[in-house]
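This report describes the architecture of a two-chain assembly.

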Amino acid sequence: MNLQERLDFFQQLIQCSHNLPLHSYEPELILTNSDIPPEAASRDDATFILLSLGDSIRSHIEKGIREPLFVDDHLGLIWIVVFEYEKNLPRGIHTLGPAYSGRNSYQNMKKELDKHDLSVSSRIKVFKMFEHIPIIPTSQLFQYAVMLHYCVTGRRITTNDLHFAEKSTQKQSSSEIHLITEEHRGIWLAEQEFMNMLREGNPNYLDALARCSSLSDGPRFDVGDSLRRAKSTSIVLLTLCSRTAIEGGVTPSVAYTLNDYYMQMIEDCKNIAEASTACHILVEDYVQRIQQEKSKNAVSGQIQNICNYIAIHIKEKLTITQLAKQAGYTEYYFSHKFKNETGCSVADYIKREKIQQAKLLLSGTKMSIQEISDELSFGSRSYFSSSFQKETGLSPSEYREQNMKL
Amino acid sequence: MHIKPDIHVVDFLKQVRKCRSEVLFETPEGDRLALKSTLSQYIFCTIASNPLHFQSGTIRFENEEDQKLLSDFLEAETGHRF
């Protein structure tokens, strides 16, 4: 399929769920599908886009950023912008939107429109235009941005790669819609994985964070204001990060001071995009501080890298030969260096990490003990059970009985 | 003062944003839009999709100096103050 066919197909897929317009522009912001009749609603959408997004799009291109841009205006309207490049030159701009970020964005818009005291004919026209805009949770729009980027560029990215339009001078007020199910399945596990990586100062924490974001868009409460909700969700993340940072070696006074600093930053955000950016900044800051603390300890960068490697590949069968090769040392030297710096042998370290992961799977999933043993490459169920019992003092089933979180 | 036919609406509204004081658009039906507000601009775009409504409307300036900024988009006649 060529690009146009892919875009058409993408639009059809989106239209199965939402009436969310997809427009394509030349880099100079001239509408590509200019055969739209002047009276069509999509022509109005295109005009909105030029009015609301023009400056953000130009600034994004000038900065040379190729990942999608997320823009929300103070009226609660959201757009996703994806950039098409040919070699180093922008070739096209594709916009998805507008959408409302929450259930009462439209109601707020209606209230604002009422203030204008419009004539009947204008009122019908204007309300018709704003009524056709769909309400979509921001987390879902993030996923659409990732998919549209793949559709246009063929490159896979995650929601962490999205950019948010900077600067907002006016207040936004809207609320999130609850489209998630009543279950929390998998969220706790994903959250634990994220915090484990954070605690270790593992730079790959973004993957774990993306998994958390894909399962949940935050705590379920509705105060009728999506910005308030985004801020509260950001504060939950901040709290998790600050406490995990202490476990990762950052002093409590530093972690708490940072917590206060970032809480103020979150409270000062004027739209959801700013709150998302604040989250990325704060997590990265905590990770870097944890890494600094780790580097102050006796563990060298090479051994820390191997610990990170073990954390990422914990489900695989890991051998000393393979890890020594990864570190660039002989097996003998690597084993000694590892034990000197961490205080335990490579085999014990791997086993301990696997047991930690097994604890998560036992308490956070319904996987059978055999499946967990296989998942973590223990070799056999009996070896897994005896190793687990030795490390924790409990059999896997006893542990599950006492710690089940589902 | 009336808007010229066939202007580029987005360029016109961008120019309005540069004005120092408020610029009003009034329709024969009695609609009154303060064009520096984003929502009013959206409403204006919707109204502007019908050329009849668009050209029959009147532009008024709070500050006559702003008229110069929009002169390329307006029919040549005396502007109104409010």
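## Overall composition

In chain A, 66% of the contacts with a separation of 6 or more are between residues 24 or more positions apart. The model is a predicted one. Chain A comprises 406 residues, of which 37% are buried, and its secondary structure consists of 17 helices and 5 strands.

Chain B has 82 residues, and 28% of them count as buried. This chain contains 4 helices and 4 strands, arranged from the N terminus in the order α-β-β-α-α-β-α-β. For chain B, residues 24 or more positions apart contribute 58% of the contacts with a separation of 6 or more.

## The sheet of chain A

Chain A contains an open sheet of 5 strands with mixed pairing, in the order β1-β4-β3-β2-β5. Its edge strands are β1 (22-25) and β5 (163-164), each of which pairs on one side only. Strands of a sheet pair through backbone hydrogen bonds, in either the parallel or the antiparallel sense.

Strand β3 of chain A, residues 77-86, is mostly covered, with 7 of its 10 residues buried. Strand β2(A), residues 69-72, is antiparallel to β3(A) and pairs with it over 4 bridges. Strand β4(A), residues 89-100, also runs antiparallel to β3(A), to which it is joined by 9 bridges.

Elsewhere, E86(A) has L89(A) in β4(A) as its bridge partner. The hairpin of β3(A) and β4(A) has 2 residues between the strands, and K87(A) in this hairpin takes a positive phi near 55°.

## Nonpolar cores

The largest nonpolar core has 84 residues, and those with the most contacts inside it are I80(A), V81(A), A145(A) and L198(A). Helix α10 of chain A, residues 272-296, gives the most to this core, namely 10 residues. Domain 1 (3-164) and domain 2 (187-216 + 218-296) of chain A both supply residues to the core, so the core lies between these domains.

Which residues does I80(A) touch, leaving aside those up to four places away in sequence? The residues are P68(A), F70(A), T95(A), L96(A), G97(A), L141(A), Y144(A), A145(A) and L148(A).

## Interface between the chains

At the interface, 19 residues of chain A are in contact with 16 residues of chain B. Helices α2 (41-62) and α4 (120-131) of chain A each supply at least two residues of the side that touches chain B. The largest share of this side of chain A comes from α2(A), which provides 6 residues.

By residue class, the side of chain A that touches chain B divides into 8 nonpolar, 5 polar and 6 charged residues.

Technical notes: Residues are numbered from 1 along each chain as its sequence is written. Chains are lettered from A and ligands numbered from 1 in the order in which they are written. This is a predicted model: local features need pLDDT of at least 70, side-chain atom pairs count only at pLDDT 80 or more; totals for chains, interfaces and linings use all residues. A residue is buried if 20 or more other C-beta atoms lie within 10 Å of its own, exposed if 12 or fewer, and partly exposed in between; C-beta atoms are placed from the backbone. Two strands pair if DSSP finds at least two bridges between them. A nonpolar core is a set of buried Ala, Val, Leu, Ile, Met, Phe, Trp, Tyr and Cys residues joined through C-beta atoms within 7 Å. Domain bounds come from an automatic or database domain assignment. Two residues are in contact if their C-beta atoms, placed from the backbone, lie within 7 Å. Ala, Val, Leu, Ile, Met, Phe, Trp, Tyr, Cys and Pro count as nonpolar, Asp, Glu, Lys and Arg as charged, and the others, Gly among them, as polar.
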